[in-house]
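The following note sets out several points on the model shown here.

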Amino acid sequence: MRTNLHLVLFDCALSILLVSSLMGADFDWRLTPGFPKPVVPADNPMSDAKVELGRYLFYDTRMSVNGKASCGTCHRQELAFTDGRARSIGTTGEQHPRRSMSLINVAYAPYLTWANGTLTSLEGQALVPMMGTKPVELGLLGHEKEFLEVVAEDPTYRRLFPEAFHGQRNPYTLANVTRAIAAFERTIISMRSPYDRYRWYGEMNALSDSAKRGEIIFFSGERGRCFRCHGGWNFGPVRFAGTVPSGRDELISGIFFNTGATVYVEPNRGLFEHTGREADIGKFRVPSLRNIAVISPYMHDGSIPNLDAVIDHYIAGGKLAHPNKSEIIRPLTLTEQDKQDLIAFLNSLTDREALTDPRWSNPWPAVRAQR
Amino acid sequence: MRRCLMLAVLGATLSAISVAQEVVPSVEVTGAVKQPLTLTAESLAKFPRATVKTTNQGIETTYEGVWLTEILRRAGVPQGEQLRGRALASYVLAQAQDGYQVVFSLAELDPSFAGGGVLLVDTANGKPLFGEQGRFRLVAPQDKPGARSVRMLTKLEVVSLRK
């Protein structure tokens, strides 16, 4: 009797564990202790199987209309998941008006893409490059059925889809494709740069003296003032699990800024493109500065070639006048040494481990080598 | 041999001067005070200590230091029942190393008035502050934005506005 009771209790415990696992509550994010977990939609809980499937989909060029491009084409790991171009080029050769954004720590981004104050889920964002026509990125629109047929017949996917979407009669759906890609993207988390080691791990020698001086300038309200937009542990606005939602307008006002970097004409009018408000012309999202040294050229349109020129832009108080230019952007008094110190600090935000971590690399070459 | 000896003596002297000139980080308490203070980590360690927990972008930090009211009391600034009349037109100007300045009125610092305490902090999570935080900072837990939680704090000046 006692043994039976033990078995029942054991079964119950196992069931709770399985349910908990299926719901993604015990997913191991491998975060630095003390850092918050990302937000995960209730209908797309995290699991190792789903993340692994997402990695294969992310790098699958069959997702594009001509088989030439995947998500990984514009989001290359070694470039912090950007593409090094001033403006990205779609699979059919069409040029995007903006540059690709880094996916590192994208799970913490309150809004996605450069200038959309409504796009908050990675599942929804994945559809933009897949289905978009202005411009064409992957060009999948109208070809979804063929792609899903390819997926359903691929031996790798025939193993991964059922594991990721256990119990579904037909797991090979577009919704599941976006869920898996989003789950994979949520795991691309970087918290191991030299600056992190200095600030959070107590490795006082992880930064040069120049970078330490640069940190002080960056966070000074009187000198660099960089932290006014790029503050906090992610060097930009974040949302995370347990965040109390602010009013949408309040949130947007702290995330999208006009910096006077360029003339804001079609097709780069910023947040205005979605709100239609004159006051939103030229407002673009504040990106995280993590790994910024490997993400050149800079700004939404890649119009500033290097960090030296970016700092000159801000020293000038934004090179171009615009009625919507943020009041935060005012001329700075910085010496040449200050600039070099700031650049040394920005260089310390590069997490080399994240740029080479095999968990986020392209799995297809190994698969093809085995076939 | 004699030259070597002279060089050694000169080197030792320069080294001693360098140690003597090493600046100990401090916060000056000045202005309309009866007793100006120079606060260092060593002197603050002897004051009554308090802790405050803050959460910034999901990261919790435990700061430890001394309430400003305690520091002002030791500087002879009116507190509690004495904080009346002319003293109510006084404020504390907190200044950072980079020139950044913010103001707290004496009344808003005093527990018998608003009671929104401000902590002068020298450790975070049990470790001395460093880098962009400076060796000392303020933490104003009642404030919604962090703009008055001055980092790199170097000076607290009490100013009387009453003409």
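1. Helix 2 of chain A passes helix 6 of chain A in a left-handed crossing (left-handed if the near helix is turned anticlockwise from the far one by less than a right angle, right-handed if clockwise). Helices (H or I, at least four residues) and strands (E, at least two) are DSSP runs numbered from the N terminus. The two helices pack at about 145°, their axes 8 Å apart; axes are lines fitted to C-alpha atoms over the stretch in contact, and angles run from 0 to 180 degrees between N-to-C directions. Residues in this contact include A:Leu53 and A:Tyr56 of helix 2 of chain A and A:Leu160 and A:Phe161 of helix 6 of chain A.

2. This is a predicted model, in which local features need pLDDT of at least 70 and side-chain atom pairs count only at pLDDT 80 or more, whereas totals for chains, interfaces and linings use all residues. Residues are numbered from 1 along each chain as its sequence is written, and chains are lettered from A and ligands numbered from 1 in the order in which they are written.

3. Eleven of the 13 residues of helix 7 of chain A are buried, so this helix is largely enclosed by the rest of the structure. A residue is buried if 20 or more other C-beta atoms, placed from the backbone, lie within 10 Å of its own. Among the buried residues are A:Arg179, A:Phe184 and A:Glu185. Their cover includes helix 2 (48-58), helix 3 (71-74), helix 4 (122-131) and helix 6 (155-164) of chain A.

4. Helix 13 (residues 307-315) and helix 14 (residues 336-347) of chain A have axes that come within 10 Å and cross at roughly 125°. Helix 13 of chain A passes helix 14 of chain A in a right-handed crossing. A:Leu307, A:Asp308 and A:Ile311 of helix 13 meet A:Lys339, A:Leu342, A:Ile343 and A:Leu346 of helix 14 in chain A; contact requires C-beta atoms, placed from the backbone, to lie within 7 Å.

5. Between the chains, 16 residues of chain A are in contact with twelve residues of chain B.

6. Chain B has four helices and ten strands, in the sequence order α-β-β-α-β-β-α-β-β-α-β-β-β-β. Buried residues make up 26% of its 163 residues. Of the contacts in chain B with a separation of 6 or more, 54% join residues 24 or more positions apart.

Notes: Contact = placed C-beta atoms within 7 Å. Buried ≥ 20, exposed ≤ 12 C-beta atoms within 10 Å, placed from the backbone.
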